[in-house]
Amino acid sequence: MSIIKTKNLTKIYKKGRKKIRALHNLNLSVDEGTIFGFLGRNGAGKTTAIKLFLGLLRPTSGNISILGKNPDNIDIKNQIGYLPEISYLDKDFTAWELLKFFGNFFKIERKVVEERIDDLLSQFGLLTFKDTKIGDFSKGMLQKIAIIQALLHQPKLLILDEPTEGLDPISQHEIREFVKNEKKKGNTIFLSSHYLDEVEELCDVIGVLHKGKLLRYGEKDKLLQYKIMYTFIIKGKSIESIVSKYNGKPFLNDCYKLHISLNEKENFTNLLNRNKIEIVEFYREREEIADFFLRTIGESKNE
Ligand SMILES: Nc1ncnc2c1ncn2[C@@H]1O[C@H](COP(=O)(O)OP(=O)(O)OP(=O)(O)O)[C@@H](O)[C@H]1O
Ligand SMILES: [Mg+2]
(Lines give C-alpha, C1' and ligand atoms only; values in the text may rest on other atoms or scores of the structure.)
(Ligands and ions follow the chains in the order given, each with its own letter.)
Protein backbone atom coordinates (compact mmCIF):
# COMPACT_ATOMS: atom_id res chain seq x y z
CA MET A 1 0.00 0.00 0.00
CA SER A 2 1.16 3.48 -0.84
CA ILE A 3 1.53 5.62 2.31
CA ILE A 4 2.48 8.81 0.50
CA LYS A 5 1.60 9.38 -3.13
CA THR A 6 1.98 12.57 -5.09
CA LYS A 7 0.86 13.48 -8.56
CA ASN A 8 2.41 16.40 -10.42
CA LEU A 9 2.91 18.16 -7.12
CA THR A 10 4.04 21.73 -7.72
CA LYS A 11 4.72 24.62 -5.37
CA ILE A 12 5.45 28.16 -6.44
CA TYR A 13 6.19 30.68 -3.69
CA LYS A 14 5.21 34.25 -4.42
CA LYS A 15 7.27 37.04 -2.89
CA GLY A 16 5.91 40.34 -4.12
CA ARG A 17 6.24 40.08 -7.87
CA LYS A 18 8.90 37.40 -7.65
CA LYS A 19 7.97 33.75 -8.11
CA ILE A 20 10.08 30.92 -6.78
CA ARG A 21 9.34 27.49 -8.20
CA ALA A 22 10.36 25.30 -5.26
CA LEU A 23 8.79 22.06 -6.51
CA HIS A 24 7.93 21.05 -10.04
CA ASN A 25 5.68 18.11 -10.98
CA LEU A 26 6.80 15.78 -8.22
CA ASN A 27 5.58 12.22 -8.73
CA LEU A 28 6.50 9.71 -6.10
CA SER A 29 5.09 6.93 -4.02
CA VAL A 30 6.25 5.66 -0.63
CA ASP A 31 5.27 2.08 0.18
CA GLU A 32 4.24 0.88 3.60
CA GLY A 33 7.08 -0.47 5.73
CA THR A 34 9.86 1.10 3.67
CA ILE A 35 12.37 3.88 4.27
CA PHE A 36 12.39 6.56 1.59
CA GLY A 37 15.45 8.81 1.36
CA PHE A 38 15.06 12.26 -0.13
CA LEU A 39 18.44 13.62 -1.23
CA GLY A 40 19.09 17.11 -2.47
CA ARG A 41 21.32 20.11 -2.01
CA ASN A 42 20.34 23.16 0.05
CA GLY A 43 17.29 24.76 -1.50
CA ALA A 44 16.40 21.69 -3.60
CA GLY A 45 12.81 21.74 -2.30
CA LYS A 46 12.88 18.90 0.24
CA THR A 47 11.31 20.80 3.15
CA THR A 48 8.73 22.31 0.82
CA ALA A 49 7.66 18.82 -0.28
CA ILE A 50 7.46 17.63 3.33
CA LYS A 51 5.33 20.60 4.37
CA LEU A 52 2.99 19.88 1.47
CA PHE A 53 2.66 16.23 2.56
CA LEU A 54 1.72 17.42 6.04
CA GLY A 55 -0.77 20.02 4.87
CA LEU A 56 1.36 22.84 6.33
CA LEU A 57 1.54 24.39 2.86
CA ARG A 58 -0.93 24.34 -0.02
CA PRO A 59 0.20 23.07 -3.40
CA THR A 60 0.07 25.46 -6.35
CA SER A 61 -1.06 22.45 -8.39
CA GLY A 62 -1.08 18.67 -8.22
CA ASN A 63 -2.29 16.16 -5.65
CA ILE A 64 -1.13 14.37 -2.51
CA SER A 65 -2.52 11.35 -0.79
CA ILE A 66 -1.12 10.57 2.66
CA LEU A 67 -2.25 7.43 4.48
CA GLY A 68 -4.91 7.22 1.82
CA LYS A 69 -6.35 10.64 2.67
CA ASN A 70 -6.00 14.29 1.81
CA PRO A 71 -3.31 16.07 3.94
CA ASP A 72 -6.04 18.21 5.53
CA ASN A 73 -7.86 15.18 6.96
CA ILE A 74 -7.67 15.37 10.75
CA ASP A 75 -8.16 11.63 11.32
CA ILE A 76 -4.68 10.85 9.98
CA LYS A 77 -2.80 13.38 12.12
CA ASN A 78 -2.35 11.01 15.04
CA GLN A 79 -0.77 8.41 12.76
CA ILE A 80 2.00 10.76 11.63
CA GLY A 81 5.13 11.76 13.54
CA TYR A 82 7.00 14.79 12.23
CA LEU A 83 10.48 15.96 13.03
CA PRO A 84 10.85 19.47 11.63
CA GLU A 85 14.14 20.74 10.24
CA ILE A 86 14.32 23.40 12.93
CA SER A 87 12.90 22.41 16.26
CA TYR A 88 10.51 24.78 17.94
CA LEU A 89 10.59 23.24 21.40
CA ASP A 90 9.82 25.57 24.27
CA LYS A 91 13.11 26.12 26.09
CA ASP A 92 11.48 26.85 29.48
CA PHE A 93 10.02 23.36 29.89
CA THR A 94 11.94 20.45 31.30
CA ALA A 95 12.17 17.38 29.06
CA TRP A 96 9.54 15.65 31.17
CA GLU A 97 7.11 18.61 31.17
CA LEU A 98 7.42 19.07 27.44
CA LEU A 99 6.82 15.41 26.64
CA LYS A 100 3.89 15.24 29.07
CA PHE A 101 2.40 18.23 27.31
CA PHE A 102 2.57 16.45 23.95
CA GLY A 103 1.18 13.29 25.54
CA ASN A 104 -1.86 15.27 26.70
CA PHE A 105 -2.12 16.85 23.29
CA PHE A 106 -2.54 13.41 21.74
CA LYS A 107 -4.89 12.39 24.58
CA ILE A 108 -2.72 9.46 25.63
CA GLU A 109 -3.66 7.99 29.00
CA ARG A 110 -1.48 9.39 31.83
CA LYS A 111 0.06 6.11 32.97
CA VAL A 112 0.76 4.98 29.42
CA VAL A 113 2.38 8.25 28.43
CA GLU A 114 4.56 8.37 31.55
CA GLU A 115 5.85 4.85 30.87
CA ARG A 116 6.47 5.68 27.24
CA ILE A 117 8.37 8.86 28.09
CA ASP A 118 10.67 6.96 30.45
CA ASP A 119 11.20 4.21 27.89
CA LEU A 120 12.04 6.62 25.10
CA LEU A 121 14.26 8.81 27.28
CA SER A 122 16.25 5.79 28.35
CA GLN A 123 16.40 4.45 24.78
CA PHE A 124 18.08 7.72 23.77
CA GLY A 125 20.27 7.85 26.90
CA LEU A 126 18.47 10.90 28.30
CA LEU A 127 16.68 9.52 31.34
CA THR A 128 19.02 11.32 33.76
CA PHE A 129 18.13 14.61 32.04
CA LYS A 130 14.40 14.14 32.57
CA ASP A 131 14.15 17.22 34.81
CA THR A 132 16.66 19.37 32.92
CA LYS A 133 15.34 22.42 31.11
CA ILE A 134 15.28 22.11 27.32
CA GLY A 135 17.18 25.40 27.16
CA ASP A 136 20.19 23.70 28.79
CA PHE A 137 20.31 20.85 26.26
CA SER A 138 23.01 20.46 23.61
CA LYS A 139 22.01 20.39 19.94
CA GLY A 140 22.15 16.58 19.81
CA MET A 141 20.09 16.21 22.99
CA LEU A 142 17.52 18.65 21.63
CA GLN A 143 17.27 16.66 18.42
CA LYS A 144 16.66 13.47 20.39
CA ILE A 145 13.93 15.16 22.46
CA ALA A 146 12.34 16.37 19.24
CA ILE A 147 12.40 12.79 17.91
CA ILE A 148 10.88 11.44 21.13
CA GLN A 149 8.17 14.04 20.86
CA ALA A 150 7.46 12.92 17.28
CA LEU A 151 7.24 9.29 18.46
CA LEU A 152 5.19 9.62 21.60
CA HIS A 153 1.87 8.76 19.99
CA GLN A 154 3.43 5.74 18.18
CA PRO A 155 2.79 6.95 14.65
CA LYS A 156 2.93 4.50 11.75
CA LEU A 157 4.44 7.13 9.44
CA LEU A 158 7.49 9.13 10.49
CA ILE A 159 8.57 12.14 8.48
CA LEU A 160 12.06 13.23 9.49
CA ASP A 161 13.52 16.38 7.95
CA GLU A 162 17.31 15.99 8.23
CA PRO A 163 17.26 14.00 11.47
CA THR A 164 21.04 13.85 11.98
CA GLU A 165 22.12 17.24 10.60
CA GLY A 166 24.98 18.71 12.59
CA LEU A 167 25.20 15.86 15.11
CA ASP A 168 28.35 14.06 16.24
CA PRO A 169 29.03 10.58 14.77
CA ILE A 170 27.79 8.71 17.86
CA SER A 171 24.52 10.63 18.00
CA GLN A 172 24.13 10.11 14.25
CA HIS A 173 24.64 6.41 14.77
CA GLU A 174 22.04 6.29 17.58
CA ILE A 175 19.46 8.02 15.43
CA ARG A 176 20.17 5.77 12.45
CA GLU A 177 19.77 2.68 14.63
CA PHE A 178 16.49 4.06 15.89
CA VAL A 179 15.27 4.60 12.31
CA LYS A 180 16.15 0.99 11.43
CA ASN A 181 14.28 -0.18 14.49
CA GLU A 182 11.15 1.76 13.48
CA LYS A 183 11.24 -0.03 10.14
CA LYS A 184 11.51 -3.38 11.92
CA LYS A 185 8.26 -2.54 13.70
CA GLY A 186 6.62 -2.20 10.28
CA ASN A 187 6.49 1.60 10.29
CA THR A 188 7.13 3.75 7.26
CA ILE A 189 9.83 6.42 7.31
CA PHE A 190 10.32 9.32 4.96
CA LEU A 191 13.57 11.12 5.59
CA SER A 192 15.39 13.97 3.96
CA SER A 193 19.13 14.20 4.33
CA HIS A 194 22.33 15.72 3.02
CA TYR A 195 24.28 12.71 4.21
CA LEU A 196 24.77 10.34 1.34
CA ASP A 197 26.14 7.54 3.48
CA GLU A 198 23.11 7.81 5.75
CA VAL A 199 20.70 7.43 2.85
CA GLU A 200 22.74 4.52 1.49
CA GLU A 201 22.75 2.80 4.88
CA LEU A 202 19.08 3.25 5.73
CA CYS A 203 16.90 3.66 2.70
CA ASP A 204 15.13 1.20 0.43
CA VAL A 205 14.13 3.82 -2.11
CA ILE A 206 15.97 7.02 -3.02
CA GLY A 207 14.78 10.18 -4.72
CA VAL A 208 17.25 12.85 -5.84
CA LEU A 209 15.67 16.28 -5.92
CA HIS A 210 17.46 19.14 -7.66
CA LYS A 211 16.05 22.63 -8.15
CA GLY A 212 12.56 21.35 -7.45
CA LYS A 213 12.73 18.46 -9.91
CA LEU A 214 13.04 14.78 -9.11
CA LEU A 215 16.06 13.77 -11.20
CA ARG A 216 16.29 10.15 -10.10
CA TYR A 217 13.92 7.95 -8.21
CA GLY A 218 13.88 4.24 -7.54
CA GLU A 219 15.01 1.32 -5.45
CA LYS A 220 18.44 2.00 -4.00
CA ASP A 221 19.98 -1.24 -5.23
CA LYS A 222 18.84 -0.63 -8.79
CA LEU A 223 19.88 3.02 -8.83
CA LEU A 224 23.35 2.40 -7.45
CA GLN A 225 24.04 -0.58 -9.66
CA TYR A 226 23.73 1.78 -12.57
CA LYS A 227 27.48 1.70 -12.87
CA ILE A 228 29.41 -1.37 -11.78
CA MET A 229 33.15 -1.03 -11.33
CA TYR A 230 35.84 -3.68 -10.92
CA THR A 231 38.90 -3.28 -8.79
CA PHE A 232 42.03 -5.20 -9.71
CA ILE A 233 45.18 -5.51 -7.68
CA ILE A 234 47.93 -6.71 -9.99
CA LYS A 235 51.66 -7.35 -9.96
CA GLY A 236 54.28 -8.42 -12.46
CA LYS A 237 57.18 -7.34 -14.62
CA SER A 238 56.91 -4.31 -16.90
CA ILE A 239 53.37 -3.37 -15.98
CA GLU A 240 54.02 0.39 -15.96
CA SER A 241 52.40 1.03 -19.35
CA ILE A 242 49.23 -0.85 -18.37
CA VAL A 243 49.13 0.92 -15.03
CA SER A 244 49.44 4.33 -16.64
CA LYS A 245 46.90 3.50 -19.40
CA TYR A 246 44.25 2.59 -16.81
CA ASN A 247 45.23 5.25 -14.30
CA GLY A 248 46.37 2.74 -11.66
CA LYS A 249 47.92 3.66 -8.33
CA PRO A 250 50.73 1.95 -6.39
CA PHE A 251 49.43 -0.42 -3.74
CA LEU A 252 51.14 -2.53 -1.05
CA ASN A 253 54.08 -4.89 -1.83
CA ASP A 254 54.88 -3.83 -5.43
CA CYS A 255 51.27 -4.20 -6.43
CA TYR A 256 49.09 -1.70 -8.27
CA LYS A 257 45.40 -0.99 -7.82
CA LEU A 258 43.21 -0.20 -10.84
CA HIS A 259 39.52 0.58 -11.29
CA ILE A 260 38.07 -0.87 -14.46
CA SER A 261 34.59 -0.29 -15.80
CA LEU A 262 32.35 -3.06 -17.07
CA ASN A 263 33.00 -2.35 -20.76
CA GLU A 264 36.79 -2.13 -20.34
CA LYS A 265 37.00 -5.37 -18.42
CA GLU A 266 37.42 -7.85 -21.25
CA ASN A 267 40.22 -5.93 -23.02
CA PHE A 268 41.91 -5.34 -19.73
CA THR A 269 41.96 -9.01 -18.66
CA ASN A 270 43.18 -10.06 -22.14
CA LEU A 271 46.02 -7.57 -21.79
CA LEU A 272 46.94 -9.03 -18.41
CA ASN A 273 46.96 -12.57 -19.84
CA ARG A 274 49.12 -11.62 -22.81
CA ASN A 275 51.65 -9.93 -20.52
CA LYS A 276 51.55 -12.69 -17.87
CA ILE A 277 50.56 -10.27 -15.17
CA GLU A 278 49.32 -11.76 -11.95
CA ILE A 279 45.91 -10.78 -10.50
CA VAL A 280 46.49 -10.67 -6.75
CA GLU A 281 42.95 -9.63 -5.93
CA PHE A 282 39.84 -8.80 -7.86
CA TYR A 283 36.43 -7.61 -6.74
CA ARG A 284 33.30 -6.03 -8.05
CA GLU A 285 31.77 -3.00 -6.40
CA ARG A 286 28.89 -0.66 -6.96
CA GLU A 287 29.30 2.93 -7.65
CA GLU A 288 29.80 4.99 -4.50
CA ILE A 289 26.68 6.91 -3.60
CA ALA A 290 28.65 10.17 -3.59
CA ASP A 291 29.70 9.55 -7.21
CA PHE A 292 26.11 8.68 -8.11
CA PHE A 293 24.85 11.92 -6.58
CA LEU A 294 27.50 14.13 -8.23
CA ARG A 295 26.99 12.45 -11.59
CA THR A 296 23.20 12.83 -11.35
CA ILE A 297 23.46 16.54 -10.51
CA GLY A 298 26.19 17.00 -13.16
CA GLU A 299 24.14 15.35 -15.91
CA SER A 300 21.17 17.59 -15.10
CA LYS A 301 23.21 20.62 -16.24
CA ASN A 302 23.26 19.19 -19.75
CA GLU A 303 19.51 18.68 -19.88
N1 LIG B 1 8.34 30.48 2.69
C2 LIG B 1 9.06 30.64 1.59
N3 LIG B 1 8.91 31.73 0.81
C4 LIG B 1 9.63 31.87 -0.33
N5 LIG B 1 10.54 31.00 -0.78
C6 LIG B 1 10.75 29.90 -0.05
C7 LIG B 1 10.03 29.67 1.18
N8 LIG B 1 10.45 28.47 1.68
C9 LIG B 1 11.39 28.00 0.81
N10 LIG B 1 11.57 28.85 -0.23
C11 LIG B 1 12.46 28.65 -1.37
O12 LIG B 1 12.11 27.43 -2.00
C13 LIG B 1 13.25 26.70 -2.41
C14 LIG B 1 13.24 25.33 -1.76
O15 LIG B 1 13.44 25.48 -0.34
P16 LIG B 1 13.36 24.27 0.68
O17 LIG B 1 13.44 24.83 2.04
O18 LIG B 1 12.18 23.44 0.34
O19 LIG B 1 14.71 23.47 0.32
P20 LIG B 1 15.44 22.27 1.07
O21 LIG B 1 15.73 21.23 0.02
O22 LIG B 1 14.67 21.85 2.26
O23 LIG B 1 16.83 22.93 1.50
P24 LIG B 1 17.77 22.66 2.80
O25 LIG B 1 18.54 21.42 2.45
O26 LIG B 1 18.63 23.86 2.84
O27 LIG B 1 16.89 22.50 3.98
C28 LIG B 1 14.45 27.57 -2.04
O29 LIG B 1 14.81 28.32 -3.17
C30 LIG B 1 13.90 28.46 -0.94
O31 LIG B 1 14.59 29.69 -0.94
MG1 LIG C 1 15.10 21.78 4.22
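Predicted model: local features only at pLDDT ≥ 70, side-chain atom pairs only at ≥ 80, totals over all residues.
A polar contact is a pair of N or O atoms within 3.5 Å.

An oxygen atom of ligand 1 sits 2.8 Å from an N or O atom in the side chain of T47. Two further contacts are tabulated with it.

| Residue | Protein atom | Atom of ligand 1 | Distance |
|---|---|---|---|
| T47 | side-chain N or O | oxygen | 2.8 Å |
| H194 | polar side-chain atom | oxygen | 2.8 Å |
| G45 | polar backbone atom | oxygen | 2.9 Å |

Taken alone, ligand 1 exposes 630 Å². The protein buries 68% of that area.

**Ligand 1: the shell**

The elements giving two or more residues to this shell are β1 (2-15), β2 (18-31) and α1. Helix α1 gives the most, with 3 residues. In total, 15 residues surround ligand 1. The closest are G43, K46, T47, T48 and E85. By class, the shell holds 4 nonpolar, 6 polar and 5 charged residues.

**The magnesium ion**

Ligand 2 is a magnesium ion. Its protein donors are T47, through OG1, and E85, through OE.

T47 counts as buried because its relative accessible area is 15%, and the cut-off for buried is under 20%. E85 is partly exposed, at 38%.

Notes. Residues numbered from 1 in each chain as written. Chains lettered and ligands numbered in written order. Heavy atoms only, no water. Donors = N, O, S within 2.8 Å, 3.2 Å for Na, K, Ca; no water. Buried < 20%, exposed > 50% of the residue type's maximum accessible area, 1.4 Å probe, protein only. Near = heavy atom within 4 Å. Polar contact = N/O pair within 3.5 Å; in protein donor to acceptor, adjacent residues only side chain to side chain. Areas by Shrake-Rupley, 256 points an atom, 1.4 Å probe, with all protein chains shown as cover. Helix = DSSP H or I, 4+ residues; strand = E, 2+ residues; numbered from the N terminus. Nonpolar A, V, L, I, M, F, W, Y, C, P; charged D, E, K, R; others polar.
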